[in-house]
Amino acid sequence: MVLALIDLQRIFAEPDSGWATPDFQRVVKPTQHLVELFAPQVIFTRFVAPAGEPAGSWIPYYEQWPFALQPPDSYAYQLVDEFRGAPTLDKPTFSKWGRELADAVAPDGRLVLAGVTTDCCVLSTALAAVDAGAHVQVVEDACAGVDEASHHKAIDIMRLYAPMLEIVTVEQLRSAGGSGQ
């Protein structure tokens with residue numbers, strides 16, 4: 001079982017960012033508990049801008065958010081201080097699911113997700129992993145959305161994917177010893 005922590009970056013944490021997640025600080029402590037519980041099976045992800053020019057539907061996206069066209073080593077794209085220095089899996093897409101996470105969760109196919117934002121990158125990663133056959137648990141109290149209502153809507157949508165996708169809490173995982181079951 002692998003814990004993937006989605007996009008715990010300054011660009012989402014800092015209030016003056018165009019992508020600020022208002023409840024970001026609320027998820028830091030629960031996430032630290034998850035890291036302790038799952039170490040060393042922890043993967044931090046980062047959303048980063050594309051290496052070249054945006055293509056396809058990403059063109060109007062970055063026209064709307066031009067401040068985000070920064071290199072991966074920019075201050076904005078770094079993990080927040082609490083997780084600084086951890087290795088990262090970087091993707092220029094909302095979903096972080098792909099060969100790297102698939103290989104990491106093999107052979108048992110179990111993935112635990114937390115991070116930001118519930119209604120974008122967490123949701124996108126969870127659904128892609130479920131489609132690929134992984135059993136996914138999303139840790140509700142270690143996720144934050146663009147606002148509280150959007151967070152709850154995304155959680156409610158993901159509940160519809162049971163039993164392939166399960167919504168859990170940090171305490172449930174702690175009680176289960178990190179196994180989630």
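## Helix H5 against the sheet

In this predicted model, helix H5 lies across strands E1 (2–6), E4, E5 and E6, and its direction makes an angle of about 170° with that of E4. Helix H5 spans residues 118–131.

## The sheet

The strands form an open sheet of 6 members in the order E3-E2-E1-E4-E5-E6, and their pairing is parallel. Strand E3 (88–91) and strand E6 (165–168) are the edge strands, each of them pairing on one side only. Direction ignored, neighbouring strands of this sheet are turned by 25° against each other on average.

Within this arrangement, strand E4 (residues 110–116) pairs with strand E5 (residues 135–144) in the parallel sense, over 6 bridges. Arg 110 stands opposite His 135 in E5.

## Packing of H5 with H6

Two packed helices are described by the angle between their axes together with the distance between those axes. For helix H5 and helix H6 (residues 148–159), the packing angle is about 20° and the axes are 9 Å apart. Because angles under 35 degrees count as roughly parallel, H5 and H6 are therefore roughly parallel to each other. The crossing in which H5 passes H6 is right-handed.

On the H5 side, Thr 118, Asp 119, Leu 123 and Ala 126 take part in the contact, and they meet Ser 150, His 151, Ala 154, Ile 155, Ile 157 and Met 158 in H6. By residue class, the contact of H5 with H6 comprises 6 nonpolar, 3 polar and 1 charged.

Conventions:
Residues numbered from 1 in each chain as written. Predicted model: local features only at pLDDT ≥ 70, side-chain atom pairs only at ≥ 80, totals over all residues. Heavy atoms only, no water. Axes fitted to C-alpha atoms, helices over the stretch in contact; angles between N-to-C directions. Helix = DSSP H or I, 4+ residues; strand = E, 2+ residues; numbered from the N terminus. Parallel < 35°, antiparallel > 145°, perpendicular 65-115°, else oblique. Left-handed = near helix turned anticlockwise from the far one by under 90°. Contact = heavy atoms within 4.5 Å. Nonpolar A, V, L, I, M, F, W, Y, C, P; charged D, E, K, R; others polar. Pairing = 2+ DSSP bridges.
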